[in-house]
Amino acid sequence: MPNYRIIVDLTQRMLYLLDNNIVIRGFPVGIGKMLTQSPLGDFTIINKEPDPGGPFGVFWMGLSKPHYGIHGNNDHSSIGHEVSHGCIRMYNADMLALAAIVPIGTQVTIRN
């Protein structure tokens, strides 16, 4: 049985998907700007929404910290940079791949 969790490394600007503490996928991400930094800590995915509209790309996964999430985006040039209001941005194709794997309740750790 899979035991998924996510680690977002802000320094590397990478999101890692782990199964039983073994990295099985890595995805480049865009992170919060200096004034609106991504929150550090341990969170949980509390909801998933396909096609959320607006700047959130093809999919939204909300975190247990209100107003923060992991989402796709419509500006591919933002990936790898400090660009968001604190959310974790992914390429739309990567977001769909991740959303298909991880269930609601998955632990997410955001660290420097």
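**Contacts, burial and the core**

Trainee: Which residues does Met61 touch, leaving out those up to four places away in sequence?

Mentor: This is a predicted model in which local features need pLDDT of at least 70 and side-chain atom pairs pLDDT 80 or more, while totals for chains, interfaces and linings use all residues. Residues are numbered from 1 along each chain as its sequence is written, and side-chain values use heavy atoms, without hydrogens and water. Contact means heavy atoms within 4.5 Å. On that basis Met61 touches Ile45, Asn47, Lys48, Gly69, Ile70, Met95, Leu98, Ala99 and Val102.

Trainee: Which residues of the largest nonpolar core touch the most other members?

Mentor: A nonpolar core is a set of buried Ala, Val, Leu, Ile, Met, Phe, Trp, Tyr and Cys residues joined through side-chain atoms within 4.5 Å. The largest one has 22 residues. Those touching the most other members are Ile6, Leu15, Met61, Ile70, Ile88 and Leu98.

Trainee: Is His71 buried or exposed?

Mentor: Buried means under 20% relative accessible area, exposed over 50%, and partly exposed in between (1.4 Å probe, protein chains only). His71 has a relative accessible area of 3%, so His71 is buried.

Trainee: How is the aromatic pair of Phe56 and Trp60 arranged?

Mentor: Rings of Phe, Tyr and Trp (its six-membered ring) pair if their centres lie within 6.5 Å; planes under 30 degrees apart count as stacked, over 60 as edge-to-face and the rest as tilted. The structure holds one such pair. Phe56 and Trp60 lie 5.2 Å centre to centre with 65 degrees between the planes, and the pair is edge-to-face.
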